Amino acid sequence: MAEDTRQDKRDRASFSAITEHNTNGMARTSSTSSAAVASSKTGASKKLVIKNFKDRPKLAENYTEDTWLKLRDAVGAIQNSTSIKYNLEELYQAVENLCSYKVSPTLYKQLRQVCEDHVQAQIHQFREESLDNLSFLKRMNRCWQDHCRQTIMIRSIFLFLDRTYVLQNSLLPSIWDTGLELFRTHIVSDSAVQKRTVDGILEQIELERNGETIDRSLLRSLLGMLSDLQVYKDSFEERFLIETNRLYAAEGQRLMQERDVPEYLHHVARRLEEENDRIMSYLDQSTQKPLVSCVEKQLLGEHMTAMLQKGLSTLLDENRVTELTLLYQLFNKVKGGLPTLLQFWRDYIKSFGGEIVCTPEKDKDMVQDLLDFKDKMDNVAQSCFTRNEGFINAMKEAFETFINKRPNKPAELIAKYVDSKLRAGNKEATEEELERILDKIMIIFRFIHGKDVFEAFYKKDLAKRLLVGKSASVDAEKSMLSKLKHECGAAFTSKLEGMFKDMELSKDIMIQFKQYIQNQSEPSNIELTVNILTMGYWPSYTPMEVHLPPEMVKLQEVFKLFYLGKHSGRKLQWQPTLGHSVLKAEFKEGKKELQVSLFQTLVLLMFNEGEEFSIEEIRTATGIEEGELKRTLQSLACGKARVLNKNPRGKDVEDGDRFNFNNDFKHKLFRIKINQIQMKETVEEQVSTTERVFQDRQYQIDAAVVRIMKMRKTLSHNLLVSELYNQLKFPVKPGDLKKRIESLIDRDYMERDKETPNQYHYVA
């Protein structure tokens, strides 16, 4: 009931609005049909009933024509930007009245025609040839702005028509859409007008690209017009992209010739920023993807290879982090950019690293150069290439490739580098720094294929450090051993660990030996310390026979008796080349202690027996080999601590030289260490170490072949070789494998199949 009442009120209100306005040609009606019914009971509620007119009001005879004339005048006033004679509310009500009496179709057609006539008349202002492009654009923009403003005002008057009749007819465009359609049909679709408009816009954009300031709001408005009229893509975007393509293709070609790569990269980044700014300012969002793609293709995609060939090496050599970061970011935008960059990055590392490894003149600094290069490339991968996994893996692969271009030498030099860091007196101040360097070394070590070469040289240097007591830190030694064990397995470090065990066992044996000496009837005035080395663990040393003083020989025999009494079946072989001692000496200045090698000891002890000796006399008395003796005498007579005088004076020891004790020797320290002149590792020694490694490799190949054949019984040559490559941990050529297989066939470990020569059988 409540809803019906509201509806009645609405109808009544609508109706009374018509009856009040005589100006609209409606006649007042004399009869009303409202009635009030009151209850006869005092105090009872009253009920009001409202009914419709019995007869619907009729329009005056000329109402439609008169009203349309008023409306047409109002539309004309709006189009001509003059004042409207009538009240807008009155005009709105007039439209509503006409629509209520089903005049809507006629009204819609009449309004469309008036608007169309006006728009058609506007085309003439764009026919002037004298207008320059900018003035033409401004006139077009003014016309468009006026048209939009007029359409909005007209729609506000005819809003009732728009929301009733037009809304109910889905095929009819709204008044706003009609305005757009008319402007598109009669103004923008005109080929001459459209061409001049687009030409003008493109000219303004080109001026801006060349650095000039333009009216961006004008372009924003005009491009918004094309977008609203749904001709943006066909009329403007296609031509715009063609022009952009042409511009940047020419610019890319020119600048690649004129500018260096860093400058070019910054230019490309700036261009991309400018184009994105254009999209934000006045271009349609739909243009963003094709526009940016076009710029990237012409400035980057077409020049990727040329750019990298021209400048990547320079950027990496000079560590240009900013430009490398920019290069990665830009190439990441282009299809195929990162794979191309990856390939050049890999090639650069192989080339640069190959130069470090394969240049013998750089051997002295090879390892340090490799560490610095690895640090530099790591920094580039992390800072510039956003830790891209592909680039990190490519770097590892490149390092592994170039470091094995020169077999064995990098492994040898890495072992020597570790020795220099672990030896006492190295410049690494703290244990933390030493640990950090060892970690970096292990990264380089991982890339090496022939790790057994490293082991051979590392073992030789470790032996020197342990026996001469030159190790900087036992903790650092054990840390390095732990790293090697983690990297290569327990088998790799078993001998190295055995060396440490020997040193610890030797300490225990010496405690027992001292107790044993104390119990002897004739205690010696010489204190002997012996390191017992297991031959299988330690490097092989060439035995050298020297003439020891009787006291030393006697003490050696005592130790031999003591040791073999505890460990029967063992054989002791003395290594004088590794011995060292502390001598007490008296000079005019007073007593001193000299820390010297065994060879130096034998030479100095001779001067207890005489004042002066020739080099030949010393050689006969000591039995020291000539080269070793010359180095020993040089250290005593030509070094910093000259406890002997050489006649004639000079830096080198010659065959005719004579030596006497320097009683005037002075030194601020009480205990003086006289370093032996270190013989640089000869080529022969290096070759012998390498040959031992190759010999060990042959044994490993033989063992692997027999192990595989014993398990498989019968196997083809190709499968056997494949299996060997899986098991062997060092690089080996197929020809070497073939030689070892032939050797095993000759020694009857296996045989060829009589019918199929490529088939082998295990011989039990």
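Let's start in the loop between helix 16 (366–384) and helix 17 (389–403), which is where Arg 387 sits. Keep in mind that this is a predicted model. Arg 387 isn't a glycine, yet its phi is positive, at about 55°. It's also an exposed residue, because its relative accessible area of 58% is over the 50% cut-off.

Asp 748 has a positive phi too, near 65°, and it is likewise a residue other than glycine. Look for Asp 748 in the loop between helix 29 (734–746) and strand 10 (750–752). Asp 748 counts as exposed, with a relative accessible area of 57%.

Here are the two residues side by side:

| Residue | Phi | Relative accessible area |
|---|---|---|
| Arg 387 | about 55° | 58% |
| Asp 748 | near 65° | 57% |

Strand 10 also leads us to a sheet. Three strands make up this open sheet, in the order 9-11-10, with antiparallel pairing. Strand 9 (714–716) and strand 10 are the edge strands, each pairing on one side only. On average, neighbouring strands of the sheet are turned by 25° against each other, if you ignore direction.

Now for the pairing itself. Strand 9 and strand 11 (residues 759–762) run antiparallel to each other and pair over 3 bridges. Leu 715 has Tyr 760 in strand 11 as its bridge partner.

Two helices go with these strands. Helix 28 (residues 717–727) lies across strand 9, strand 10 and strand 11, and runs at about 90° to strand 9. Helix 29 packs on the sheet as well, touching strand 10 and strand 11, and its direction makes about 105° with that of strand 10.

Methods
Residues are numbered from 1 along each chain as its sequence is written. This is a predicted model: local features need pLDDT of at least 70, side-chain atom pairs count only at pLDDT 80 or more; totals for chains, interfaces and linings use all residues. Side-chain values use heavy atoms; hydrogens and water are left out. Helices (H or I, at least four residues) and strands (E, at least two) are DSSP runs, numbered from the N terminus. Buried means under 20% relative accessible area, exposed over 50%, partly exposed in between (1.4 Å probe, protein chains only). Two strands pair if DSSP finds at least two bridges between them. Axes are lines fitted to C-alpha atoms, for helices over the stretch in contact, and angles run from 0 to 180 degrees between N-to-C directions. Contact means heavy atoms within 4.5 Å.
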